[in-house]
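Open the model in your viewer and keep the selection panel handy. Each stop below says what to pick and what is there.

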Amino acid sequence: MAMLTARESICCKEIQECSYKLEELDLDASVVCITQHPGFNSVCLDPWVLETVTNTVRQSYGSAHVSSQAGNSQNEQYHYVAYCQLPLWCWGYLGKHIRVVLPSCAVQRIRTKYPSPGYAGFKPSIAKCLNFP
């Protein structure tokens, strides 16, 4: 699926961690995309899960954290949290301010379910921009 940049136009099958998710449950051959995985909807699109995660982030970091990162509308907040959920589910904990490019199929599904004005594309972490290890 075409995205803003070539770096973002990546298939889930090209990302090792997503491929592992597809293989780990020994799913049938008809599941060929991470968005078809039975866990994707629960982890990344379920509004009750996203509400709970949003509340957990608010409790841990303060209510301003989600709003400053995502905006004020519920769609914007769920959109942001869904983008955070996918790496946690596929990669596990990466560390503070570590970001990964998400597969374009997942980005499109999240954007469709939780539209947010002004798509900004992938933003590398500050550490990457400053060439920190």
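This is a predicted model: local features need pLDDT of at least 70, side-chain atom pairs count only at pLDDT 80 or more; totals for chains, interfaces and linings use all residues.

**Stop 1**

**Stop 1: around F40**

Centre on F40. Which residues does F40 touch, leaving out those up to four places away in sequence? Pick I34, T35, L45, L86, W89, A106, R109 and I110.

**Stop 2: α2 against α5**

Show helix α2 (residues 38–45) and helix α5 (residues 74–90). Their axes come within 8 Å and cross at roughly 135 degrees. The two helices are therefore oblique to each other. Next, select the contact residues. On α2, take G39, F40, V43 and C44. On α5, take A82, Q85, L86 and W89. Colour this set by residue class: six are nonpolar, two are polar and none is charged.

**Stop 3: the aromatic pair**

The structure holds one aromatic pair. Select Y78 and Y114, and look at the rings. How are they arranged? The ring centres are 5.5 Å apart and the planes stand at 85 degrees; with over 60 degrees counted as edge-to-face, the pair of Y78 and Y114 is edge-to-face. Trace each residue back to the chain. Y78 sits in helix α5, while Y114 is in the loop between α6 (104–113) and α7 (126–129), so the pair ties together parts 36 residues apart in sequence.

Terms used:
Residues are numbered from 1 along each chain as its sequence is written. Side-chain values use heavy atoms; hydrogens and water are left out. Axes are lines fitted to C-alpha atoms, for helices over the stretch in contact, and angles run from 0 to 180 degrees between N-to-C directions. Helices (H or I, at least four residues) and strands (E, at least two) are DSSP runs, numbered from the N terminus. Angles under 35 degrees count as roughly parallel, over 145 as roughly antiparallel, 65 to 115 as roughly perpendicular and the rest as oblique. Contact means heavy atoms within 4.5 Å. Ala, Val, Leu, Ile, Met, Phe, Trp, Tyr, Cys and Pro count as nonpolar, Asp, Glu, Lys and Arg as charged, and the others, Gly among them, as polar. Rings of Phe, Tyr and Trp (its six-membered ring) pair if their centres lie within 6.5 Å; planes under 30 degrees apart count as stacked, over 60 as edge-to-face and the rest as tilted.
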